[in-house]
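Subject: Structure handover, ligand site

Hello,

Here is the structure for your files. Please look it over before reading the notes.

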Amino acid sequence: MEIGIVTIFPEIFGAVSGFGMTRRALESGNLAFSVFDVRDYASDRRRTVDDRPYGGGPGMVLTPGPLAECIDAARQKVSGPVVYLTPQGEQFDQGTARELAGLSGLILLCGRYEGVDERIVETRVDREISIGDYVLSGGEFPAMVIVDAVARLLPGVVGNEKSVLEDSFNEGMLDCPHYTRPENFEGLDVPKVLLSGNHEEIRQWRMEQALERTRVRRPDLVRSAGRSETEN
Ligand code: 9D3
């Protein structure tokens, strides 16, 4: 899969290519990544990319000229929908991640300031996505969230197969508690059942723990856990 990023802060995306799972996905060739700097498409000496909003008010708006050229350059290299990260978008979830992971290409447009000129949305954006109801200062971190969630679903990405399968089995349920050595830590013991070697009892205990946690912490999930989207 090839992901293009359109941003005024290209350096931030070093975090994606430099570390962890996304780095391994890039190294193995399952993921390709190109970052496009909007400022490279500005036409003035100061490389201006924003301007004051028509109608007045606080903040600035990403000006359409350089942005259009930058998106068009990204589209020359990466085929696939242009997704604009914005608080006004549909809320991202695991279903969205799975959908995007099925594409061969994807362009993520990161907004900054008050957002992009609406004519960019009209002419070049295929889909608008938010990562949740809280205020961030731009679309760069949301774009990295999406890259991470999508990359770990790509077939062939090392270490993903088992955990992706487990995730889809447990979908809509919180995880059970986990323990590792030592058996006693600051006076706290590992639950006996986990040392029993009885795999059926362990499975049962983990399921009960997960269900109880979900009931208490996320009652909204209990309704739909274990059922597919169409069964809800
Ligand atoms: C304080 C500015 N707000 C005035 C009503 C609107 C606003 C504009 C731009 C709020 C946030 C932003 C920047 N955020 C994003 O670009 C963004 C975002 C987010 O803030 N939360 C969750 N998902 C996303 S995706 C992009």
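The notes below cover the ligand and its pocket.

This is a predicted model, in which local features need pLDDT of at least 70 and side-chain atom pairs count only at pLDDT 80 or more, while totals for chains, interfaces and linings use all residues. Residues are numbered from 1 along each chain as its sequence is written, and side-chain values use heavy atoms, with hydrogens and water left out.

Ligand shell. There are 16 residues around the ligand (a heavy atom within 4 Å of it), and Y113, I131, G132, Y134 and L136 come nearest. By class, the shell has nine nonpolar, six polar and one charged residue (Gly counts as polar; Tyr, Cys and Pro are among the nonpolar). β5 (82-91) supplies the largest share, three residues.

Polar contacts (N or O pairs within 3.5 Å). An oxygen atom of the ligand is 2.9 Å from a polar backbone atom of L136. For G139, a backbone N or O atom is 3.4 Å from a ligand oxygen. The side chain of S130 has an N or O atom 3.5 Å from a ligand nitrogen. The protein covers 70% of the 570 Å² of accessible area that the ligand has on its own (Shrake-Rupley, 1.4 Å probe).

The ligand sits in the second largest pocket (more than half of its atoms within 2 Å of the grid points; 1 Å grid, 1.4 Å probe, an open set with protein on both sides within 12 Å along at least five of seven lines, lining atoms within 4 Å of a point). Its volume is about 470 Å³. Of its 26 lining residues, Y84, L85, T86, P87 and Q88 are closest to the centre.

Regards

Note on methods: A polar contact is a pair of N or O atoms within 3.5 Å; within protein, one must be able to donate a hydrogen and the other to accept it, and residues adjacent in sequence count only if both atoms are side-chain atoms. Helices (H or I, at least four residues) and strands (E, at least two) are DSSP runs, numbered from the N terminus. Grid points are joined across faces, edges and corners, and a volume is the space filled by probe spheres set on the points.
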